[in-house]
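Biologist: I am new to this one and would like to understand the terms as we go. Could you take me through it?

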Amino acid sequence: MRSEQREHHMLPLFHDFEGKTVVIVGGGRVALRKARTYTIEADVTVVADAFADGFDEVDCERRRRRLEPDEADELLASVEGDLFLVIPATDDRTLNDAIARAGREAGALVNRVDERGDTVTPARAESGTLTVAISTGGESPAVARHLRREIEPLLERTEPMGRLQADLREQLAEESDLSADQRRQALRRVIDDDGVWRALEDGRYEDARDRALEVAGIDPSE
């Protein structure tokens, strides 16, 4: 009864696609965006009877063929590697249904572009090692893109603090007289310190680091 009353949500999850295989069926602009996203790590195969301009610049396998719904199982069986994600990205709903069904039967996740599937590819705002993923559950990609543009400047400002915190965590871990809780409190004091932020924003990383060590209770000269 409880599961029937609970509102359905999608949970965010970052996943390593290294060594995974992604199959995209469709060669339009949406398929191109998907291919650009997943070729960063995954082995991507794109199947379509025509490809939008820009696919020549994407490191993926392209198979030029017109796929019929009853050929979806055969297609996925022909793809080598660890099939992890299938993306139906055509303008034919019947074909997309067949691809989604075949993908699930093959044990892969499905990311549909015409309706909500098993997964949603979020808009991403990135700076250095910082990544924020934004999703509206497929309801408004325009809102997700707007939020990405709003968040990107904040990430650019925050990324140097992330590097500084990583340096400090390593040095604090070497301080054997500090408990784990004391180390966490020290890092919080650093991130709350206006002087550290000002030095980082001025591009004075070493000054920021010295100030952070002082705030954390470590002698910068040691």
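Modeller: Gladly! Let's start with the largest nonpolar core, which has 20 residues; Val-22, Ile-24, Val-44, Val-46 and Phe-55 have the most contacts inside it.

Biologist: What makes this set a nonpolar core?

Modeller: A nonpolar core is a set of buried Ala, Val, Leu, Ile, Met, Phe, Trp, Tyr and Cys residues joined through side-chain atoms within 4.5 Å. Buried means under 20% relative accessible area, exposed over 50% and partly exposed in between, with a 1.4 Å probe and protein chains only. The 20 residues of the largest core meet that description, so the name applies.

Biologist: Which element gives the largest share of this core?

Modeller: That is α2, with four residues. Helices (H or I, at least four residues) and strands (E, at least two) are DSSP runs, numbered from the N terminus. A second, separate core of 18 residues includes Met-161, Ala-199, Ala-216 and Ile-218.

Biologist: Can I ask where these positions and values come from?

Modeller: The model is predicted: local features need pLDDT of at least 70, side-chain atom pairs count only at pLDDT 80 or more, and totals for chains, interfaces and linings use all residues. Residues are numbered from 1 along each chain as its sequence is written, and side-chain values use heavy atoms, leaving out hydrogens and water.

Biologist: How many helices and strands are there?

Modeller: The protein has eight helices and seven strands.

Biologist: Why is the protein called more spread out than a compact globule?

Modeller: Its radius of gyration, taken over C-alpha atoms, is 23 Å.

Biologist: How much of the protein is buried?

Modeller: Of the 222 residues, 37% count as buried.

Methods:
The radius of gyration is taken over C-alpha atoms; the globule rule is 2.2 Å times the number of residues to the power 0.38.
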